[in-house]
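Good morning, everyone. Let me walk you through a new structure. Please bring it up on your screens.

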Amino acid sequence: LPSRTVVACPGIEGSYAQQAVSRLFSIPTILYFNSFAKVFEAVEKGLCPYGVLPIENSAAGAVASVYDLMVKHRFSIARAVKVKIDHVLLANPGVKLEQIREIESHPHALLQCGNFLSKHNNIQVVPGSNTALSAKALAESKSQTKAVIASRACAELYGLQVVAEDVADAKYNHTRFICIHLHSARQKSSSQTMVLYGIV
């Protein structure tokens with residue numbers, strides 16, 4: 001992979017996808033998109049030479065929406081990388097766990113934290129589009145009753161505090177990300193097969 005390039009990434013700074021981009025490229029210029037579909041489109045239309053997407057989590061399994069999109073778009077897989085997932089519960093400064101009435105995060109992240117959420121079943125769980133987007137929105141809202149499940153990096157980026165540590169069910173929690181591009185897109189079907197069988 002080149003050290004300098006433009007990369008399409010879902011979410012915003014602080015997302016696990018952004019961490020994957022930083023692992024794959026030394027000096028990336030990251031363009032953020034609000035959906036997995038937009039990342040595929042950005043690569044397919046030539047807006048970005050590369051895109052990074054999650055495909056599987058060690059605890060919650062395959063990211064079904066990405067697999068669904070794989071059959072609709074032209075692409076090849078350049079590389080894959082595993083990122084350690086360190087979910088924490090974040091709230092605005094001064095908020096205590098007993099004050100929280102709503103927790104938001106990406107549905108896949110919520111699946112990974114089922115034990116923690118079941119222990120606090122009085123708290124409403126709300127699916128969001130991206131962990132980092134949820135964190136940023138929470139910081140902007142100044143809410144004293146809401147929290148998000150996101151990366152520790154989001155606390156520093158958006159001025160949030162960690163209310164609960166290690167909220168994921170599994171200590172060994174990793175997500176596999178693929179880096180897609182258009183080169184040799186005619187080999188798409190073989191690349192997809194490699195992903196499905198865990199070869200990449």
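Let's begin at one histidine. Leaving aside neighbours within four places in sequence, His 106 is in contact with Phe 36, Gly 128, Ser 129, Asn 130 and Thr 131. Keep in mind that this is a predicted model.

Where does His 106 sit? Its place is the loop between β7, residues 102-105, and α4, residues 107-112. Is His 106 buried or exposed? Its relative accessible area is 17%. The cut-off for buried is under 20%, so His 106 counts as buried.

Now follow one of those contacts, Phe 36. Phe 36 is one of the buried residues of α2. Look down the axis of α2. The buried residues fall within an arc of 160 degrees, so they line one face of the helix. An α-helix has 3.6 residues a turn, so residues three or four places apart point the same way.

What covers the buried residues of α2? The cover includes β1 (4-10), β2 (27-33), β3, α3 and β11. Just after α2 comes Gly 46, with a positive phi of about 85 degrees.

On to the core. The largest nonpolar core has 19 residues. Phe 40, Leu 53, Val 66 and Ile 180 have the most contacts inside it. Two or more residues each come from α2 (36-44), β3 (50-57), α3 (64-70) and β11 (174-181). The largest share is from α2, with five residues.

Take Ile 180 next. Which residues does Ile 180 contact, leaving aside neighbours within four places in sequence? They are Phe 40, Val 43, Pro 49, Tyr 50, Gly 51, Leu 53, Phe 75 and Ser 76.

Most residues other than glycine have a negative phi. Lys 142 has a positive one, near 60 degrees. Lys 142 is in the loop between α6 (131-141) and β9 (146-151). At 60% relative accessibility, Lys 142 counts as exposed.

Asp 166 also has a positive phi, of about 45 degrees, although it is not a glycine. Asp 166 lies in the loop between β10 (161-164) and β11. Its relative accessibility is 57%, so Asp 166 counts as exposed.

That's the tour. Thank you.

Technical notes. Residues are numbered from 1 along each chain as its sequence is written. This is a predicted model: local features need pLDDT of at least 70, side-chain atom pairs count only at pLDDT 80 or more; totals for chains, interfaces and linings use all residues. Side-chain values use heavy atoms; hydrogens and water are left out. A nonpolar core is a set of buried Ala, Val, Leu, Ile, Met, Phe, Trp, Tyr and Cys residues joined through side-chain atoms within 4.5 Å. Buried means under 20% relative accessible area, exposed over 50%, partly exposed in between (1.4 Å probe, protein chains only). Helices (H or I, at least four residues) and strands (E, at least two) are DSSP runs, numbered from the N terminus. Contact means heavy atoms within 4.5 Å. The arc is that of the directions from the helix axis to the C-beta atoms.
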